[in-house]
Amino acid sequence: MTLGELAKALGAQLHGPPGHVVSRMATLVGAGPEDLTFLSNRRYRTHLGVTRAGAVILAEEFLDECPTAALVCTNPYLAYARATAMLN
């Protein structure tokens, strides 16, 4: 699924290439370029800077710290759950 398609389906603001394809969910630390991950708990904020994910679902407050494409939304955990259902 492309990031553009995901952004539209989730009602998220995309910061990154809309044509980039992601195919599965992964953790911030374990993700690679074809993975989608999320950040909703501040405790895991330190992992954001080192993620290699294709994109991260997150709140706008973390956008400046994100080294990759981002799907910005008000409820990252809910968006993660919906994205997981779409990718499976």
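Biologist: How many aromatic pairs does the structure hold?

Modeller: Three. Keep in mind that this is a predicted model.

Biologist: How is a pair of aromatic rings described?

Modeller: By two values: the distance of the centres and the angle of the planes. Take Phe38 and Tyr80. Their ring centres lie 4.0 Å apart, with 20° between the planes. Planes under 30 degrees apart count as stacked, and Phe38 and Tyr80 form a stacked pair.

Biologist: Which parts of the chain does that pair link?

Modeller: Distant ones. Phe38 sits in strand β3 and Tyr80 in helix α3, 42 residues apart.

Biologist: What about the rings of Tyr77 and Tyr80: how far apart are their centres, and at what angle are their planes?

Modeller: The centres are 5.6 Å apart and the planes stand at 45°, so this pair is tilted. Tyr77 and Tyr80 are both in α3, three residues apart, about one turn of the helix. Together with Phe38, the two tyrosines form one aromatic cluster.

Biologist: Is Tyr80 buried or partly exposed?

Modeller: Partly exposed, because its relative accessibility is 23% and buried means under 20%. Tyr77 is also partly exposed, with a relative accessible area of 49%.

Biologist: Now helix α3 itself. What does its span tell me?

Modeller: Compare the span with the expected one. Helix α3 covers residues 76–87, twelve in number. From first C-alpha to last, α3 reaches 16 Å, close to the 16 Å expected at 1.5 Å a residue.

Biologist: Which residues of α3 are buried?

Modeller: Pro76, Ala79, Ala83, Thr84 and Leu87. They cover an arc of only 140° around the axis, which puts them on the same side of α3.

Biologist: What covers the buried residues of α3?

Modeller: The cover includes helix α1 (3–10) and the strands β2 (24–25), β3 (35–38) and β4 (55–58).

Biologist: Which residues of the largest nonpolar core touch the most other members?

Modeller: This core has 15 residues. Leu3, Leu6, Leu10, Leu36, Ile57, Leu71 and Ala83 touch the most other members. Helices α1 and α3 and strands β4 and β5 (69–72) each supply at least two residues. The largest share, four residues, comes from α1.

Biologist: Pick one member. What does Leu3 touch?

Modeller: Leave out residues up to four places away in sequence. Leu3 then touches Leu14, Pro17, Pro18, His20, Val22, Gly54, Ala55, Ala69 and Leu71.

Biologist: Which residues does the second core include?

Modeller: Among them are Ala31, Val56, Leu58 and Ala59. This core is separate and has twelve residues.

How values were computed:
Residues numbered from 1 in each chain as written. Predicted model: local features only at pLDDT ≥ 70, side-chain atom pairs only at ≥ 80, totals over all residues. Heavy atoms only, no water. Expected span 1.5 Å × (residues − 1). Buried < 20%, exposed > 50% of the residue type's maximum accessible area, 1.4 Å probe, protein only. Arc of directions from axis to C-beta. Contact = heavy atoms within 4.5 Å. Core = buried A, V, L, I, M, F, W, Y, C linked by side-chain atoms within 4.5 Å. Phe/Tyr/Trp six-rings, centres within 6.5 Å; stacked < 30°, edge-to-face > 60°.
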